[in-house]
Amino acid sequence: MRSSSVLALAASISGATAAFQGFNYGATNSDGTFKYQATYEAEFKAAKNLVGTSGFTSARLYTMIQGGSSTNEPTQAIPAAISQGTSLLLGLWASGGQGPFDAEITALKSAIAQYGTAFTDIVAGISVGSEDLYRVSPTGIAANSGYGAEPETLAAYIKQLRSAIAGTGLASKPVGHVDTWTAWVNGSNQAVIDACDWVGMDAYPYFQNTMSNSISSGKALFEDALSATQSAVGGKDVWITETGWPVSGSSQNLGVPSLANAKTFWDEVGCPRFGKVNIWWYTLQDADSVTPNPSFGVVGNPLSTTPLYDLSCSNTTSSSSSSSSASATASSSRSSAASSLSTAATGGAVVTGGSGLSPSQNAGVGGTNVTATAGSGPYTTPAASGGSGSGNYSSPTGIKTSATGTGSSSASSTPSTVSSSAAMISGSFVAIVGSLFAAVLAL
């Protein structure tokens, strides 16, 4: 990338009013093969040149480790981002135990040393973990969503990260954690909120299948989730880290995937926020080789700058203030809703059948086992193999975790085996959402 582009991007990131706008990017393709620099570059280039829109110049990552590396090599998304002038919301996978987290720190330090300010200047922030709190909740366990991490563990990891980046070009970057909004309204997770500079909220109305979740209710459900999160975290900044509506796939109650519905959700939830608040949409492309069910991709296969539906926001009339927070007239009822939701979340409400509701559940992706060594041992990620991962939690990091027990409200923070998997969206929080909103409707 030309030096002028680097300077322009760095200036925009340092600006007090800068808002990041982009997509989520997993570590693997939909068939389970790992992504490398050329693929990331092609994706980042397509995102910033999408027909009908502009400004999608940020990428949210889920791991610092390059897929297939046996030496904790930093992800090749970094040189791709430097080349394309794409800012990065970094992610460190935090559900594998201390050894794998140490490996994430090692990869991050290596990236700082290898790329210097060309890397650190384009970092929007750093997330320690993704949906780890949901996965140790009663509902997450009932849904067999995989290993997670306890709030005290995540708070400790955040402290370790801050220590690791002290005195580096990342020292001033904001540090947070990404989780389902239902995790944020659960008071038992306060330690994580306290440790964060910002919190990342994942919300998918489409999956809220125990309530009226048609596209006509999508905006309202999203706004309630955002309002509940904002109320729970006090004055902390809330970044929208995952949301979207599928273009194809199976229906979830009244939630029907279609191009028309995906556009409506884009217009009503995304458009009022783009360029105004930090937001990473799910997703640019998830059908690069295998089409998942459901599929959330803005573009299809092959990768193109031509979207599957109109991204122009020409139908948007809502103001930024009305869309980025609950309206004044609804603030009182939403405050009560947040209280009800918090109670339900703590109680561990479960959706129908206890099934996993992550958008990647039926993505047709697979992985191979990886031994996660406790302590300071290296975290090795071998090449993935094909297969299907229905019933397990496939993280967008390229790491897939499988729960091995039931009946407990917490999961081991140092599992002995972690599976590497394909790119996916998180969003598994939705297993808890339907019952939570049932409580709201009863208000």
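We take the helix pairs, then the rings.

Tutor: Keep in mind that this is a predicted model.

Student: How are two packed helices described?

Tutor: Two packed helices are described by the angle between their axes and the distance between the axes. Take α11, residues 215-232, and α12, residues 259-270. Their axes come within 9 Å and cross at roughly 30°.

Student: Are α11 and α12 roughly parallel or roughly antiparallel?

Tutor: Angles under 35 degrees count as roughly parallel. α11 and α12 are therefore roughly parallel to each other. The crossing of α11 past α12 is right-handed.

Student: Which residues of α11 and α12 meet?

Tutor: From α11, Ile215, Gly218, Lys219 and Phe222. From α12, Asn261, Thr264, Phe265, Glu268 and Val269. Sorted by class, this contact has four nonpolar, three polar and two charged residues.

Student: At what angle do α4 and α8 cross?

Tutor: Roughly 25°, with the axes coming within 11 Å. Here α4 spans residues 98-115 and α8 spans residues 151-165. That angle makes α4 roughly parallel to α8. Their crossing is right-handed.

Student: Which residues make the contact of α4 and α8?

Tutor: α4 supplies Gln98, Phe101, Asp102, Ile105, Leu108 and Lys109. α8 supplies Tyr157, Gln160, Leu161, Ala164 and Ile165. By class, the α4 contact with α8 has seven nonpolar, two polar and two charged residues.

Student: Now the rings. How many aromatic pairs are there?

Tutor: Rings pair if their centres lie within 6.5 Å. The count comes to 23 aromatic pairs. One of them is Phe20 with Trp280.

Student: Is the pair of Phe20 and Trp280 stacked or edge-to-face?

Tutor: Planes under 30 degrees apart count as stacked. The Phe20 and Trp280 planes are at 15°, with ring centres 6.4 Å apart, so this pair is stacked. Phe20 sits in the loop between α1 and β1, and Trp280 in strand β8, so the pair ties together parts 260 residues apart in sequence.

Student: Are Phe20 and Trp280 buried or exposed?

Tutor: Phe20 is buried, at a relative accessible area of 11%. Trp280 is buried too, at 0% relative accessibility.

Student: What about Trp266 and Trp281: stacked or edge-to-face?

Tutor: Planes over 60 degrees apart count as edge-to-face. These planes are at 70° and the ring centres 5.2 Å apart, so Trp266 and Trp281 form an edge-to-face pair. Trp266 is in helix α12 and Trp281 in strand β8, 15 residues apart. Trp266 is buried at 0% relative accessibility, and Trp281 is buried at 1%.

Key: Residues numbered from 1 in each chain as written. Predicted model: local features only at pLDDT ≥ 70, side-chain atom pairs only at ≥ 80, totals over all residues. Heavy atoms only, no water. Axes fitted to C-alpha atoms, helices over the stretch in contact; angles between N-to-C directions. Helix = DSSP H or I, 4+ residues; strand = E, 2+ residues; numbered from the N terminus. Parallel < 35°, antiparallel > 145°, perpendicular 65-115°, else oblique. Left-handed = near helix turned anticlockwise from the far one by under 90°. Contact = heavy atoms within 4.5 Å. Nonpolar A, V, L, I, M, F, W, Y, C, P; charged D, E, K, R; others polar. Phe/Tyr/Trp six-rings, centres within 6.5 Å; stacked < 30°, edge-to-face > 60°. Buried < 20%, exposed > 50% of the residue type's maximum accessible area, 1.4 Å probe, protein only.
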